[in-house]
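Hello,

Here is the structure you asked about, with the sequence alongside. My notes follow below.

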Amino acid sequence: MADIDVETVLKGKYPAKAHAKRVVEYIRSKNPDATGAIFLEGRSDHLLEDSDEPVPFRQRRAFMYLTGADIADCAFIYDIETSTSTLFIPPVDPESVIWSGLPLSTEEALAKYDVDAVLPTTELNPILARLGGANPKSTVFAIAERVSNSVTFLEFENKDFAILTEAIDECRVVKDDYEIALIKKANQISSAAHRDVLENVRKAQNEYELEGVFVGNCMRQGAKKQAYPSIVASGRSAATLHYVHNDKELAGKDLLLLDAGAEWSTYAADITRTFPISGRFTEQSRAIYEIVLQMQQGCIAMLKDGVWWDDVHVRAHEIAIDGLLSLGILKGNRKEILDARTSTAFLPHGLGHYLGMDTHDTGGHPNYSDPDPLFKYLRVRRHLPAGSVITVEPGIYFCEFIIRPYLKDPKHSKYIDEDVLNNYWDVGGVRIEDNIVITKDGYVNLTTAVKDPDELEKIILG
């Protein structure tokens, strides 16, 4: 896995049939007698309201997982008894061809995708009727509210609209080599684009210029889509976790936080780097940066098959507390500070999340109603299995909106030295994020973007 050859692996087909078999195994683990068919519809093309411009197309993730087909207006049937998969694609519409050209033919689709047959969507209902009528005990497994009115399941005695989503979400947690190759490719592209931003930051005057550098570099490498809207946050704006404006001037600011990742064939990279706009860290920003880097390194070192993610998250807080104590921002006993949850004033979010077709991928089992503020926003609450891909993204933030209430609360204020804290507001926030594959005995880091502080300065200064 560490030596996975991306280009060689990606010459093959997306392993849709293996995914379908895995999903059936999950369904049968809950219902051993399950038989019948899996039915899925892809996303349809449609126009924006009050406009003849199309909505940007993003394939439904469940459909992508079982077909690998990133095209619109399709359907899919998997015959559980025969382990046969059929992709249904729209027939040629002459009026559409005038504007958009010829679509993929059935022969081309069969050669491109890992399915057993490709038929026009006009054959969909007859195939469903045949499968439903062949076995009186058969069940059609589909996703609620994702079945068109034109589709009929009349011949199926049983209809299950619940378990398929659960099955696909859980199966997506463990990636195969092809999926990891896609994420690694997205990381290679994104890491190069992050470096391009470093090389151009001193020339830029506004955050949006750097967003343009990043996106443009990704597109030049063939990645036309971003996995999520970039966060390009300078100065105090970096304390806003999901900052979206990307339009502030850079002059007079210390750090820039860039959270940006490309998408490759629907799979995401999610990388954050924080660096000095001038090319030189201040004393305060360097101190915070090194604490966050220690947090990330300490947490990554814990990773291997079966590690409990809560424990890794707690370790991030312990290292953060030690670092902030050493600077005098926090005062008192580390355990008492951790037990009081005072450190959540500076690290309010979870340490990371699963990564795959979605930036915040499925199967993490979060508990957003957890009354414990240390874990409330933790997106993964489980043991990490080998083959899962997770982000490790610790941070320390100086957000007045969050911290001021802690300063007014005696439970927390006794652990914070406000006079020392006042020297750090302009740091804004520091976050460092890498994408990690969990292995049987450890991990593989897919992210190659520079994060050593000396190297960051060297690149920026040219």
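This is a predicted model: local features need pLDDT of at least 70, side-chain atom pairs count only at pLDDT 80 or more; totals for chains, interfaces and linings use all residues.

**The sheet and its helices**

Ala75 has Phe88 in E3 as its bridge partner. E2 and E3 run antiparallel to each other and share five bridges.

Both strands sit in an open sheet of six strands, ordered E4-E3-E2-E1-E5-E6. The pairing in this sheet is mixed. Strands of a sheet pair through backbone hydrogen bonds, in either a parallel or an antiparallel sense. E4 (117-120) and E6 (158-160) are the edge strands, each pairing on one side only. On average, neighbouring strands here are turned by 20° against each other, direction ignored.

Two helices lie across these strands. H6 (residues 124-134) lies across E1 (36-41), E2, E3 and E4. H6 runs at about 20° to E2. H7 (residues 163-171) lies across E1, E5 (139-141) and E6. H7 runs at about 80° to E1.

**Loops around the strands**

Start with Ser83. Ser83 is in the loop between E2 (75-79) and E3. Its phi is positive, about 55°, although Ser83 is not a glycine. Most residues other than glycine have a negative phi. Is Ser83 buried, partly exposed or exposed? Ser83 has a relative accessible area of 33%, so it counts as partly exposed.

Thr266 also has a positive phi, about 80°, and is not a glycine either. Thr266 lies in the loop between E9 (263-264) and E10 (267-268). Thr266 has a relative accessibility of 3%, so it counts as buried. The cut-off for buried is under 20%.

Val92 is in the loop between E3 (84-89) and H4 (94-100). Beyond its neighbours within four places in sequence, Val92 is in contact with Val97, Leu102 and Pro103. Val92 and Arg58 are 34 residues apart in sequence. In space they are 21 Å apart, C-alpha to C-alpha.

**Helix packing around H16**

Two packed helices are described by the angle between their axes and the distance between the axes. H16 packs with H8 and H10, taken in turn here.

H8 (residues 177-200) packs with H16 at an angle of about 60°, with the axes 6 Å apart. That angle makes H8 oblique to H16. The crossing of H8 and H16 is right-handed. On the H8 side, the contact uses Arg195, Leu198 and Glu199. On the H16 side, it uses Leu456, Ile459 and Ile460. The residues of this contact divide into four nonpolar, no polar and two charged.

H10 (residues 283-300) packs with H16 (residues 453-461) at about 125°, with the axes 11 Å apart. H10 and H16 are therefore oblique to each other. Which residues meet between H10 and H16? Arg286, Tyr289 and Leu293 in H10 meet Pro453, Asp454, Leu456 and Glu457 in H16. This contact of H10 with H16 has four nonpolar residues, no polar ones and three charged ones.

One more residue in H10 is Ser285. Ser285 is buried, with a relative accessible area of 0%. Its contacts, leaving aside neighbours within four places in sequence, are Asp254, Leu255 and Val427.

Best wishes

Methods: Residues are numbered from 1 along each chain as its sequence is written. Side-chain values use heavy atoms; hydrogens and water are left out. Axes are lines fitted to C-alpha atoms, for helices over the stretch in contact, and angles run from 0 to 180 degrees between N-to-C directions. Helices (H or I, at least four residues) and strands (E, at least two) are DSSP runs, numbered from the N terminus. Angles under 35 degrees count as roughly parallel, over 145 as roughly antiparallel, 65 to 115 as roughly perpendicular and the rest as oblique. Contact means heavy atoms within 4.5 Å. Ala, Val, Leu, Ile, Met, Phe, Trp, Tyr, Cys and Pro count as nonpolar, Asp, Glu, Lys and Arg as charged, and the others, Gly among them, as polar. Buried means under 20% relative accessible area, exposed over 50%, partly exposed in between (1.4 Å probe, protein chains only). A crossing is left-handed if the near helix is turned anticlockwise from the far one by less than a right angle, and right-handed if clockwise. Two strands pair if DSSP finds at least two bridges between them.
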